[in-house]
Amino acid sequence: MSFLRLQGLVKRFGDFVAVDDVSLEVEKGEFVSLLGPSGCGKTTTLQMIAGFEEPSEGRIYIDGKDITGVKASQRGIGIVFQSYALFPHMSVFQNVSFGLEMRKVAEAERKARVMETLDLVHLGDFAHRFPRELSGGQQQRVALARALVIKPEVLLLDEPLSALDAKIREDMQIELRGIQRTVGTTTILVTHDQSEALSMSDRVAVMNEGRLVQVDMPYQAYEFPETPFVSSFLGKSNKFSGVVSGQSNGKLKVKVGELEFEAEAGRGPCEGPVHLSVRPEKLLLTAPAEGRFTGRVHTRIFLGNHWVYQIDSPFGPLLASHHNAGIQSVAEGEEVGLTWAVEELRVLAPEAGDG
Amino acid sequence: MAEAIARGKLIPPYLLSTPALLLYCALLLTPMLMTFLLSFNSFDLYTGIKPDYSLANYLEVIQDKYFHVIFLRTFGMALVVTLICALLGAPEAYILNRMANPWKSLFLLAVLGPLLISVVVRTLGWALLFGKEGAINQTLMGLGLVDEPVKLIFTSTGVVIALVHVLVPFMVISVWASLQKLDPATERAGLSLGASQFTVLRRVVVPQVMPGVLSGSLIVFALTASAFATPAILGGRRLKVVATTAYDEYLNTLNWPLGAAIAILLLVANVIIITSYNRVIEKKYAEAFG
Ligand SMILES: Nc1ncnc2c1ncn2[C@@H]1O[C@H](COP(=O)(O)OP(=O)(O)OP(=O)(O)O)[C@@H](O)[C@H]1O
Ligand SMILES: [Mg+2]
């Protein structure tokens with residue numbers, strides 16, 4: 001049985017539905033990312049788990065116990081806030097020690113546990129500093145230590161890395177994941193950064209407009225998105241709209257304009273209008289005669305380890321991205337053939353209001 | 001060249017502030033300097049002010065019990081008013097800050113509104129309420145809570161009540177300002193760590209708004225110590241404070257030099273108390289708040 005269970009959570013602010021029927025099961029020790037665009041209800045969902053917002057409908061269970069009506073201070077959940085929310089008038093040590101004081105932990109043990117946790121986040125030497133004397137990354141780690149020291153059953157992280165610059169952020173992602181593995185706390189991370197979600201979590205839960213759209217392992221979610229929204233939110237993708245025109249041996253035939261493509265019938269729909277999607281790294285450039293259709297390279301961008309091409313095609317602009325394998329790449333303005341392996345073409349249901 | 005530019009950039013600000021500086025000098029420093037000089041002159045009942053210089057006026061104030069009582073009463077009252085303002089104003093600001101908007105603005109206006117009315121008018125209002133036949137006593141006696149009228153007018157209690165009413169908005173504004181800097185997430189963080197609402201208030205909120213309470217206290221203390229209209233109207237002839245004493249020396253006894261000395265002593269005492277208080281606080285909060 002799952003450790004943390006959200007059951008049909010709904011949150012309304014007046015007429016506005018911020019969170020709409022969210023159900024999610026998280027295993028003990030699992031790291032799940034809640035991913036979605038700004039305003040999709042991630043923070044609101046987290047606040048309901050933490051006990052700061054009351055769900056309009058639905059229930060929350062931890063380890064089989066219904067905690068929906070339990071006060072925030074009684075839930076024993078660790079939270080790292082987006083703004084860190086460190087106590088500015090307390091030293092790093094006092095910040096981390098606060099939760100233990102509230103639990104009436106004896107002084108000797110308290111000291112030992114605070115220092116142990118500070119060492120875990122590599123801040124052992126900073127115990128006597130005040131928050132404003134720390135860098136953003138260090139403050140973030142204090143916030144993490146403060147949440148972890150109480151040995152919470154569930155750890156909630158609300159965009160803890162969004163205030164950091166790119167380089168520290170990558171380091172912190174690795175560090176955070178490492179710490180979470182060591183401690184083994186069931187963790188939910190809220191983020192709107194897809195690469196953060198993909199790289200850190202056991203599973204990603206993609207949200208849009210208050211609803212959970214897809215919950216899957218990162219690789220699965222990226223490779224087999226269930227909706228065009230997931231496909232474009234997790235990484236980039238080239239999209240075509242078409243109509244299923246036939247089916248044989250588990251393969252679909254999809255008519256897109258004048259052309260017809262084959263695709264594997266997978267999780268998507270098997271008839272009617274559909275969306276086709278190909279990841280830029282799966283869109284191959286060939287000699288003009290060898291492609292499924294041709295296009296012209298509009299722009300070519302060199303990014304060190306790979307090239308990105310923007311290609312004008314009969315279906316509008318397409319993106320292709322390829323490893324820098326040391327071979328001279330095609331030049332801008334050149335005509336190229338475009339193709340893909342049959343199994344890389346995804347068939348998705350068209351989304352309401354988007355082609 | 002860089003230096004020239006730097007200097008060139010510095011001159012306009014000085015030039016621009018010159019008119020204000022001149023006005024400031026003319027209207028504030030000049031009378032203060034004249035008061036200061038006047039305080040060393042001597043005074044004779046028949047011949048008036050004599051242009052000689054001595055410390056006699058200061059010695060008189062420092063040695064006379066009569067003045068000691070007045071100074072102690074003034075600063076004691078300032079202390080009490082400051083404490084009450086802190087105890088009332090800080091929670092008031094906190095509650096106001098948590099209110100939802102139509103009410104928030106309305107109540108804020110109600111708190112700050114009195115600042116728009118002249119102190120004299122407000123104090124006369126209190127005098128009407130406090131009197132033997134005033135609304136307060138009539139209510140109390142009507143309810144049977146007291147048998148004879150409570151004496152409020154011409155007592156320190158009355159003066160303190162009226163001063164608190166006049167000065168509490170300054171405390172509210174000052175605490176309000178520091179509440180704006182308080183991250184509401186720190187309260188939630190406290191709760192999530194297992195603290196009760198009350199513990200969060202005591203250990204997370206209060207320490208963070210303390211700088212606001214302390215600077216509000218400075219303002220209230222200084223304004224009470226030098227308050228004139230309220231003690232003059234509600235304190236009457238006998239319950240004198242330093243400011244009303246100086247006034248009496250000027251206008252009743254016509255002993256301007258003695259009045260000047262009292263005024264200067266009040267100023268010096270105020271400055272000493274406030275700067276030392278400030279120094280203590282700065283030391284205490286320098287580490288956490290910079
Ligand atoms: N107290 C509130 N009253 C009314 N609407 C609210 C309230 N809190 C949140 N909302 C609305 O609910 C929606 C979801 O908000 P939420 O903060 O959960 O978004 P989010 O997914 O965390 O976004 P972001 O990535 O920008 O933090 C938003 O449209 C927001 O305007
Ligand atoms: Mg958010």
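A polar contact, as I use the words today, is a pair of N or O atoms within 3.5 Å, where within protein one must be able to donate a hydrogen and the other to accept it, and where residues adjacent in sequence count only if both atoms are side-chain atoms. Please keep in mind that this is a predicted model, in which local features need pLDDT of at least 70 and side-chain atom pairs count only at pLDDT 80 or more, while totals for chains, interfaces and linings use all residues. Residues are numbered from 1 along each chain as its sequence is written, chains are lettered from A in the order in which they are written, and side-chain values use heavy atoms, with hydrogens and water left out.

Across the interface of chain A and chain B, five residue pairs are in polar contact, both residues being at pLDDT 80 or more. On the side of chain A that touches chain B, the elements giving two or more residues are β6 (77–80) and α2 (92–102) of chain A, helices (H or I, at least four residues) and strands (E, at least two) being DSSP runs numbered from the N terminus. The most comes from α2(A), with four residues.

Which side chains meet in a salt bridge, that is, a side-chain nitrogen of Lys or Arg within 4 Å of a carboxyl oxygen of Asp or Glu? They are those of Glu101(A) and Arg203(B), at 2.5 Å, N to O.

Turning to the sheet, five strands of chain A form an open, antiparallel one in the order β15-β19-β16-β17-β18, where two strands pair if DSSP finds at least two bridges between them. Because β15 (284–286) and β18 (316–323) of chain A stand at the edges, each with a single partner strand, one side of each is left without a neighbour in the sheet.
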